[in-house]
Amino acid sequence: MTSNKETPLLRVTELSHYYGDQVGCEEINLEVYNGEILGIVGESGSGKTTLLKIISGLLPPTQGTIEFDKRIEGPSDIYQMSEPERRLLMRTDWGIIYQNPKDGLRMNVSAGANVGERLMAVGARNYSYIRAESNDWLNKVEMDLGRIDHFPKTFSGGMLQRLQIARNLITKPRLVFMDEPTSGLDVSVQARLLDLVRGLVNQLGISCVIVSHDLGVMRLLSHRLMVMKSGKVVEQGLTDQVLDDPQAPYTQLLVSSILPI
Amino acid sequence: MKNKLREVLSVNNLKKSFILHNQNSFELPVFYNISFSLSKGECLVLSGSSGTGKSTLLRSIYGNYLTHLGEINIYHNQSWINLVGAPPHLILDVRKQTLGYVSQFLRVIPRISTLDLVAEPLLSRGETEVNSINRAKDILKKLAIPENLWNLPPATFSGGEQQRVNIAITFVRDFPILLLDEPTASLDTKNKQAVIDLIKNAKDKGTAIIGIFHDQSVRDSVGTTIFNIEEAKKAA
Ligand SMILES: Nc1ncnc2c1ncn2[C@@H]1O[C@H](COP(=O)(O)OP(=O)(O)OP(=O)(O)O)[C@@H](O)[C@H]1O
Ligand SMILES: Nc1ncnc2c1ncn2[C@@H]1O[C@H](COP(=O)(O)OP(=O)(O)OP(=O)(O)O)[C@@H](O)[C@H]1O
Ligand SMILES: [Mg+2]
Ligand SMILES: [Mg+2]
């Protein structure tokens, strides 16, 4: 159960990143607790992807620390640990769902192999076990098992995202990062995918950081919401509070410029 | 005379105003110096004319609206905490265990059946599937939601049916404290009575309630105390 004394799963302190003179993100502080979904919204170029890449181990920041609560060692700075150590975390405790499925999948191996691969990466060797687990996960994401031997390049956008989800969740990560997981999908496919994500997160008790520009999606999915503008966090709080009683001028503008949600 | 031992909520000098940044940072004061306390089994009725801030007060207590000044002390997990300035995950925990809220309108995840929506809060706090479903069915029956609707998402339901689903989602759990914003607004007499019965039943079990009820007959049958926001503002 969450209490205010609990150690956060992820803690980001005074994080800034610059691409040369260009601000990527600036002075970010955030925490993610067990079982919690944190949503990040903000206009294009506000630094959401930059922040997500940094906290998921893909981009060392210019400044600041990112601590992950490791199972045995406890909170550890992810960029102070060795490269192999960080890679292991990325394969086991973390999952990353990319906006573009081509970044998260191997397009020239079968759907089944894509899903089984992460299991093998954590040491599973028994072929029939891997096959059974993969099938189970393809089922969970509502994929037709008849397609298990097909290559991802023959799949639709929604199927590719479901395949990414299965590939990531099969190793039961504790923290999953998603960058615009439903953009580019049509509305009904989006809704199904979000239900799926929500159900799985609930069942497995995993934590999630989700970037999306869709406030309606955020209201239904995320517990807490963070609003970014020009690389900075302008506001963060309970999702319904941020949307119903926004405090920052930018958030008030953002919320009032969309249809009621 | 109130019995301090039975107290579960106490609001002290609470203030709420909205600052509208996109309208020259105009400050809209809603209320200030609001103080009252609430005990087990009590049903405090908020009164005052339209726009005086009754819904705003409920939402502020629930943490849906942010307050900066004053205190909202709540008895949670065997101890008293102040919700003004509390971190989000603590408020979420309070909402999970201690404080329920029935808003005026239903807002739920699309595509999920009514039965699942009502059972979910029980499942997510670890009750068995069978148990959760049975209790969900029970409350839907009490609220006279026709059985042929249970497996449908409520998006296409009538206003009154949606409102009763909303009530079911909250009343299926046993929250120590409930906030009700016009729960009977769009209901006919028979369904209104079903809701009154649920409220009375909860009170008898010790649930403390703060409610907004426009309907005088509902106030008369469930209310124990009246708190008039306008008078509180004048007295301040
Ligand atoms: N590799 C890079 N080199 C230089 N500048 C970059 C690089 N990546 C991002 N930026 C800049 O950093 C800023 C933040 O970009 P980022 O991709 O994080 O934004 P975002 O919030 O994800 O936007 P969007 O909603 O459009 O995806 C932008 O001004 C962008 O041009
Ligand atoms: N999110 C908000 N942003 C700005 N102003 C708000 C917001 N919510 C409420 N208000 C304002 O606060 C005041 C009190 O509104 P509230 O809804 O609390 O009144 P009420 O007493 O519940 O009225 P009614 O009986 O009509 O429901 C109104 O002037 C309203 O416009
Ligand atoms: Mg981006
Ligand atoms: Mg109202």
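Reader: Which residue just after H4(A) takes a positive phi?
Author: This is a predicted model. In it, a positive phi of about 110° turns up just after H4(A). The residue there is Gly123(A).

Reader: Which elements do the buried residues of H4(A) pack against?
Author: H4(A) covers residues 111–121. Its buried residues include Ala111(A), Val115(A) and Leu119(A). Asn114(A) and Arg118(A) are buried too. The buried residues of this helix pack against H2 (83–92), H5 (127–140) and H6 of chain A.

Reader: Which residues is Val118(B) in contact with, leaving aside its neighbours within four places in sequence?
Author: Val118(B) is one of the core residues that touch the most other members. In general, nonpolar side chains tend to be buried together in soluble globular proteins. Leaving aside neighbours within four places, the contacts of Val118(B) are Ala136(B), Ile139(B), Leu140(B), Ala168(B), Ile169(B) and Val172(B).

Reader: Which residue of S5(A) stands opposite Glu67(A)?
Author: Start with S4(A), residues 63–70. It pairs with S1(A), residues 10–19, in the antiparallel sense over 5 bridges. On that side, Arg11(A) stands opposite Glu67(A). In S5(A), the residue opposite Glu67(A) is Asp77(A).

Reader: How many residues does the hairpin between S4(A) and S5(A) run through?
Author: S5(A) covers residues 74–77. It runs antiparallel to S4(A), and 4 bridges join the two strands. The hairpin joins them through a number of residues that comes to 3.

Reader: What radius of gyration does chain A have?
Author: Chain A has 10 helices and 10 strands. Its C-alpha trace spans about 55 × 45 × 40 Å along the principal axes. With 261 residues, a compact globule would have a radius of gyration near 18 Å, so the value for chain A agrees: 18 Å.

Reader: What percentage of the residues of chain A count as buried?
Author: Consider the contacts in chain A with a separation of 6 or more. Residues 24 or more positions apart account for 65% of them. Of the 261 residues in the chain, the part that counts as buried is 45%.

Reader: Which helix of chain B gives the most to the side that touches chain A?
Author: At this interface, 18 residues of chain B are in contact with 24 residues of chain A. One helix of chain B, residues 88–97, gives the most to its side, with 6 residues: H2(B).

Reader: How many nonpolar, polar and charged residues are on that side of chain B?
Author: The count covers the residues of chain B in contact with chain A, 18 in number. By class, this side has 10 nonpolar, 6 polar and 2 charged residues.

Reader: Which element supplies the largest share of the shell around ligand 1?
Author: The residues around ligand 1 include Tyr19(A), Gln22(A), Lys48(A) and Thr49(A). By class they divide into 1 nonpolar, 9 polar and 1 charged. S2 (22–32) and H1 (48–55) of chain A each supply at least two residues. The largest share, 3 residues, comes from H1(A).

Reader: Why is the site of ligand 2 shared between chains?
Author: The shell around ligand 2 counts 13 residues. The closest are Phe18(B), Ser50(B), Lys54(B), Ser55(B) and Thr56(B). The site is shared because the residues surrounding ligand 2 come from chains A and B.

Reader: Which element gives the largest share of the shell around ligand 2?
Author: By class, this shell has 3 nonpolar, 7 polar and 3 charged residues. S2 (26–39) and H1 (54–62) of chain B each supply at least two of its residues. The largest share, 3 residues, comes from H1(B).

Reader: Is Ser230(A) buried, partly exposed or exposed?
Author: Ser230(A) is found in the loop between S9 (224–229) and S10 (232–238) of chain A. It has a positive phi of about 45°, although it is not a glycine. Ser230(A) has 14 C-beta neighbours inside 10 Å, so it counts as partly exposed.

Reader: What value is phi of Asn77(B) near?
Author: Asn77(B) is found in the loop between S4 (69–76) and S5 (79–82) of chain B. With 14 C-beta neighbours inside 10 Å, Asn77(B) counts as partly exposed. Its phi is positive in a residue other than glycine, near 55°.

Terms used. Residues are numbered from 1 along each chain as its sequence is written. Chains are lettered from A and ligands numbered from 1 in the order in which they are written. This is a predicted model: local features need pLDDT of at least 70, side-chain atom pairs count only at pLDDT 80 or more; totals for chains, interfaces and linings use all residues. A residue is near a molecule or strand if its C-beta atom, placed from the backbone, lies within 6 Å of it. Ala, Val, Leu, Ile, Met, Phe, Trp, Tyr, Cys and Pro count as nonpolar, Asp, Glu, Lys and Arg as charged, and the others, Gly among them, as polar. Two strands pair if DSSP finds at least two bridges between them. The radius of gyration is taken over C-alpha atoms; the globule rule is 2.2 Å times the number of residues to the power 0.38. A residue is buried if 20 or more other C-beta atoms lie within 10 Å of its own, exposed if 12 or fewer, and partly exposed in between; C-beta atoms are placed from the backbone. Two residues are in contact if their C-beta atoms, placed from the backbone, lie within 7 Å. A nonpolar core is a set of buried Ala, Val, Leu, Ile, Met, Phe, Trp, Tyr and Cys residues joined through C-beta atoms within 7 Å.
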